[in-house]
Number of protein chains: 2
Amino acid sequence: MMDSPQSASLSVEELHEVWPVLSIDERLEGFRLLPTSVADDFFLDLSAREQAELITHLPASERRTWVRLLPPDDLADLVQAVAVEPGQADAILAQLDDASRREVNVLLAYAEDDAGGLMNPRFARVRPEMTIDEAIGYLRKQAREKVETVYYAYALDAEQRLQGVLSLRQLFQAASDKKVADVMQHDVVTVSENTDQEVVSQLFTEHGFMALPVLDEQNRMKGIVTVDDIVDVVQEEATEDIQKVGGMEALEAPYFEVGFFGMLKKRIGWLLVLFLGQMLTATAMSSFEGAIERAVVLSLFVPLIISSGGNSGSQASTLIIRALALGEMRLKDWWRVARREVLSGLVLGFVLGAVGLARIVVWQEVAGAYGEHAFLLGCAVALSVLGVVTFGTLAGSMLPLVLRRFGFDPASASAPFVATLVDVSGVVIYFTVASLLLRGTLL
Amino acid sequence: MMDSPQSASLSVEELHEVWPVLSIDERLEGFRLLPTSVADDFFLDLSAREQAELITHLPASERRTWVRLLPPDDLADLVQAVAVEPGQADAILAQLDDASRREVNVLLAYAEDDAGGLMNPRFARVRPEMTIDEAIGYLRKQAREKVETVYYAYALDAEQRLQGVLSLRQLFQAASDKKVADVMQHDVVTVSENTDQEVVSQLFTEHGFMALPVLDEQNRMKGIVTVDDIVDVVQEEATEDIQKVGGMEALEAPYFEVGFFGMLKKRIGWLLVLFLGQMLTATAMSSFEGAIERAVVLSLFVPLIISSGGNSGSQASTLIIRALALGEMRLKDWWRVARREVLSGLVLGFVLGAVGLARIVVWQEVAGAYGEHAFLLGCAVALSVLGVVTFGTLAGSMLPLVLRRFGFDPASASAPFVATLVDVSGVVIYFTVASLLLRGTLL
């Protein structure tokens, strides 16, 4: 699609289509081919990271137009995205008028994943003592200036303290000569500047708000967080959790935008930890070397048995990780979870164990693969699977709760981590069961 | 908190706090203890599933009040939630006035995860030929009747075809005597009734809309999807993906709300498939039984080697699964992904292999654990790890793409599934490398 530079313009859809795979030079070229009427919208739709990339590669003369297009919360994100390169943040801030620069600087002082870092300081305000008609007139005036999001109107007193809130629907519904104070809702759900974004997004999903007001410690209103920003937060948090569940550090950027070595760094840490952990299986197995020497057939089932524990464990851990993230479950539910998971583990282990026993008995009938003690061997395998699956399910379900209890991220109880933990125990369980059951026959 | 039935009322926060762990009878009791002024909001905040549970347990005389409180899209969700019990859906519909019942019935005809199933048929409409002042007056009238979401005003012609859209900000900004048609945006992003909710949510996250209009095949406007519903969609889709990545079927309800046997059914299927798959490791190992008999020490490293492939594979698969879900990557990028992942696998495998070799050499020095050929054994382990990790990374990254290519859900390439796939190949790689390297020494 990029091979027709003759054509003077390009549609937004065409550029959107190819954008992810373009180099920065191609992106610049494509962006300049957009008709001016749509270039604004295209720019506003980009992620902060992509806006930053474009902006830093534009000549200084063109930067100002684009920078001034952005509302303060998006500008703060942009500045944060360019801040990795020294001097760039200041260069962006220098393009702004004084009022906007002050707003952005205030926002930059908040942590990126707090409510303060998400909020927009430009919200629609009214006074409680205004009439409905005055309020609508005042909102129209604010919209003409610089308020982006007119969805709720916030009634503030002279000290900027929040007194109540009106949805536009309520405002439109009310008789013209009523007072704002008579119509507004007094009981407002608010967040503080330092509320974590995960808590903020849970409030949004629980209550279905369009926007939430952010207050400082003196109850003065500082801005609003709108639900469209929450969609991004929810996506981000889910991506982090999924990547952690897959056994790596969260990537924090799209796959193709992370450099080769940056990507390796996110992956090697956990792989090394897991590799070192798995070495314990070699240690555990070496203490049963004598048993293996006497009955090599025992070693054939090691991967089968330990992986069944790992699989059931990773099911349990992802269930609990997600339930915790969605607030469906709390730490104090641990005993209820433990009972339920042990029971599940016993049933699941019983079914898998029975299948394992059947497999060995049938194979013995068909091919005589496992010698005269095949049935006993099958029983040892089945019992081990029962034990390993039960243990794996319990360990997988408890680990995220333990991590949360000690202030770590439950999502670190990844599928590979749980599998590694359970593998070592699986080796011990299997060879112990085998020694007890097969003494005097195979061993 | 529930042990003080003497106190006449209960706060919303108190009830929210304990809600997840209450039985249905306790929920009913708690709900009735709420002051009437807040009970409305509490009810509206519940999930459709929870609303349905309450409603079906309330006496018929009280149902109507609560049912009539809900907008048509939430009512449709509620009806769907009660529809598992025969007769309940009709009982709910019977509580509605004729106009609402018609609206709900129309919504019920859509698939739950299409745009049509998400939309609200009550949106704010204006005529292109109205003046701004007339439009504002008309919106106030609609708000007094039954429009829930006044965020954008949609300009429709006499045949209900969408001509343009105005945000309230634009409406408020414009001079009173201008025409709607002069101010409105003509180029509107729309979705059709049958657009899948995952596509709809990608549009929202890409563009940051507050609402999207839904059109039928004749371009007539049927309703709007609002961003607050999209937050739920995004959470749901992420939950499904995380649970699939953990190696089970998506649960489709909160942990504690799924019955014990329902939960087992979601888990046993994949566990059985994986268990049967893992049996191939036993088969693979049995063809190397002779080698194990000659050098039992080889068997000690089987879990270590195969799990390193599984771990690197599950990292790769979760990365790709998430990148596909977020639209960061397409099928045609497969070659770029494959090259990158093979290179990653080689580097990661080299590092892990080196660590493995060092471990064996050191252990031999310290404890003499592995006999005179320890260094050669170490080399065999290191080379196998290199091969298994490279293969695991490649297989893990390609599997989600292959699944998508054939119309399956990429998230089915779960960590345990990839691990199982790689384990079998790991056994073969390890014993093949060992036979080649150790022939004449250990073997």
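Biologist: Leaving aside neighbours within four places in sequence, which residues is Q51(B) in contact with?

Modeller: This is a predicted model. Q51(B) sits in helix 4 of chain B, residues 48–57. Setting aside neighbours within four places in sequence, its contacts are F43(B), L44(B), L46(B), L70(B) and L78(B).

Biologist: Is Q51(B) buried or exposed?

Modeller: The cut-off for buried is under 20% relative accessible area. Q51(B) has 3% relative accessibility, so this residue counts as buried.

Biologist: Where do the buried residues of helix 3 of chain B fall, seen down the helix axis?

Modeller: Helix 3 of chain B covers residues 36–45, and A39(B), F42(B) and F43(B) are buried there. Residues three or four places apart in an α-helix point the same way, because a turn takes 3.6 residues. Down the axis of helix 3 of chain B, the buried residues fall within an arc of 95°, so they line one face of the helix.

Biologist: Which helices do those buried residues of helix 3 of chain B pack against?

Modeller: F43(B) is one of these buried residues. F43(B) is also in contact with Q51(B), which lies in helix 4 of chain B. The buried residues of helix 3 pack against helix 1 (12–18), helix 2 (24–33), helix 4 and helix 5 (60–69) of chain B.

Biologist: What is the bridge partner of S192(A) in strand 5 of chain A?

Modeller: Two bridges join strand 4 to strand 5 of chain A. In strand 5 of chain A, S192(A) has as its bridge partner L215(A).

Technical notes: Residues numbered from 1 in each chain as written. Chains lettered and ligands numbered in written order. Predicted model: local features only at pLDDT ≥ 70, side-chain atom pairs only at ≥ 80, totals over all residues. Heavy atoms only, no water. Helix = DSSP H or I, 4+ residues; strand = E, 2+ residues; numbered from the N terminus. Buried < 20%, exposed > 50% of the residue type's maximum accessible area, 1.4 Å probe, protein only. Contact = heavy atoms within 4.5 Å. Arc of directions from axis to C-beta. Pairing = 2+ DSSP bridges.
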